[in-house]
Amino acid sequence: MNDPPHDPAGTSPRLRLLTRPIPVARPDLPLPPPGQLLRVFAGAIAIGSTAAAVGAYYVTLAAEFPPDALPHFFVILAALVVTSIAVVYLRHRRLVDRLEPWLRRPSDSVDLDAWRQALSWPARLSIFIGLSAVAVGLSAAAIMIVVTGDAWLGLHIAVGGLLAAVLDAIFAWLYTDAATRPLRRALIARSPMLPVTGPGIVRLGLGAKMAIVIVGVQLAGAVISGTLAYRGASAAVAAHEPTALALHILVVTAIGLLVSLSGCLLVTRHTTDPLRELTDLVGTLTPDQLSRRALPIGGDEVGQLSAAVNGMLGGLEERDFIKDAFTRYVTRQVRDVVLQGGLELGGELVTATILMADIRGFTPLVEHMPPKQVVRILNRYFTEMVEECMEHGGLIDKFIGDAILVVFGAPVRLAPELSARAAARAALGMQRRLARLNDALAAEGTQPLRIGVGVHTGEAIAGNIGAPQRLDYTLIGDSVNTATRIESACKEVGSDVLISEATRILLGDAASVGAPVTVHLKGKSRPTAVFPLLGLQP
């Protein structure tokens, strides 16, 4: 049956009790335009051209060119560099064939192939640039050997090409990695659980990165510095100028140290920046911020650590979700017993106070109501009653139709006097909450509810009842049946709250009760004295 347009008993909106945690996306980090990749590529080519110029300069210093051979060398080198740039550009297009289209039309979820390309593009492009530089150097050496017939000149050109290739690949990687970091951050911010290892992802560890950069830069710097120092020393000795020699060696040494230091600082920053971000995240994390995520933007150990932190945060968030969901079906006390490993099949004898509450005349009241309206009324009623009982430490044992069975004194043990007092306070509080709920229902045109509450203190078996496949923590015993029968007697006695004589004794003078009433409870061979509960002193 469909709900009517105006549902007076269901004016409160649907309440979503639980929402499964999902990684929090951060679309506030803007995606760069697709053209940014081309600009980064152009920057890498500029770095490669600079490295080629350094290699060419080294060759001119290290080798003696035959007459008219130097212009031919520069022409050949320029042609080879232009050709290599075209080849590298074609390779660049293949390396971003999934990334660029996604950037033009980004969707809510990040394309996995686009992410793999963004993660691996700096390393793959830099490797190809370095290989192209090697090919340029070797080709130039071979051509010059053919042109001049000077193998020693070809060797110098090959060495210069290799040095340029090393510097080219290293600094192109450092530059492209830093320039594309905002892109990777924007991608991972949209899907924090994207992988940083696996097929299609270049994985280069921190040790390998530092070794390649430091050794490569220092090796190239040492060779170039040594060559420059040798040439300067030879010229100074020939000119008998020792002061110029010392100055030249000092300048060359400073240049070599500067190149080495710049490479070390760049690779160090490449490592420390992500670590600093991860440290800030973990250091400022609080229990209510488990939805935060790190931004792993590399496949090295730092990226894997960030991904592991994200997995840990997701697990903690899932744990809280399960605990919250568990609490919706069992009480907090039972949940804590289960999660602490105290779950055993069986029970133990306890002295507890049992409260049984039931709505009076509920069947004729809802006879002509749509089922959804009935459920909404019950949910509003149970919400108020459960809150009141839990405020006083009650265990919601079960819902039986429109009735509710609450236990005080198990599984968290209480002295009988304390459990009786808690149950009595809960019973009186339920009356007050019901009065407020009835006012709201009356304003909505719905008939008010009436309840009967029975309270009894006695011994019962408390524990996990059922089978290993399905357990229920509950209380079983004559005291539970007695509380149920006392609640049934409320209508007969004409009182909303009745307590047993055992509970009355435990409450002592703090309880304000009416005259005792003797009733014959169903299933009992002897009459039972019950007391209307009127009030309870603080």
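Me: What are the ground rules for the model?
Reply: It is a predicted model, in which local features need pLDDT of at least 70, side-chain atom pairs count only at pLDDT 80 or more, and totals for chains, interfaces and linings use all residues. Residues are numbered from 1 along each chain as its sequence is written, and side-chain values use heavy atoms, with hydrogens and water left out.

Me: How many cavities of 30 Å³ or more turn up in the whole structure?
Reply: The search finds 1. On a 1 Å grid over the protein atoms alone, a cavity is a set of points where a 1.4 Å probe fits but cannot get out.

Me: How much space lies in the largest cavity?
Reply: About 280 Å³. Volume here is the space filled by probe spheres set on the grid points, which are joined across faces, edges and corners.

Me: What is the lining of the largest cavity by class?
Reply: It has 16 nonpolar, 8 polar and 1 charged residues. Ala, Val, Leu, Ile, Met, Phe, Trp, Tyr, Cys and Pro count as nonpolar, Asp, Glu, Lys and Arg as charged, and the others, Gly among them, as polar.

Me: On to pockets. What lines the second largest pocket?
Reply: 34 residues, with Pro 274, Glu 277, Leu 295, Pro 296 and Ile 297 nearest its centre. Helix H8 (242–283) gives the most, 5 residues. The lining divides into 17 nonpolar, 6 polar and 11 charged. A pocket is an open set with protein on both sides within 12 Å along at least five of seven lines.

Me: Is Ile 170 buried or exposed?
Reply: Ile 170, in helix H5, counts as buried because its relative accessibility is 5%. Buried means under 20% relative accessible area (1.4 Å probe, protein chains only). Ile 170 lies 6.2 Å from Val 213, C-alpha to C-alpha, although they are 43 residues apart in sequence.

Me: How many disulfides?
Reply: The structure holds 0, a disulfide being a pair of cysteine sulfur atoms within 2.5 Å. Cys 389 is buried, at 0% relative accessibility, and Cys 490 is buried at 2%.

Methods. 1 Å grid on protein atoms, 1.4 Å probe; cavity = no way out; pocket = protein on both sides within 12 Å on 5 of 7 lines; lining within 4 Å. Helix = DSSP H or I, 4+ residues; strand = E, 2+ residues; numbered from the N terminus. Buried < 20%, exposed > 50% of the residue type's maximum accessible area, 1.4 Å probe, protein only.
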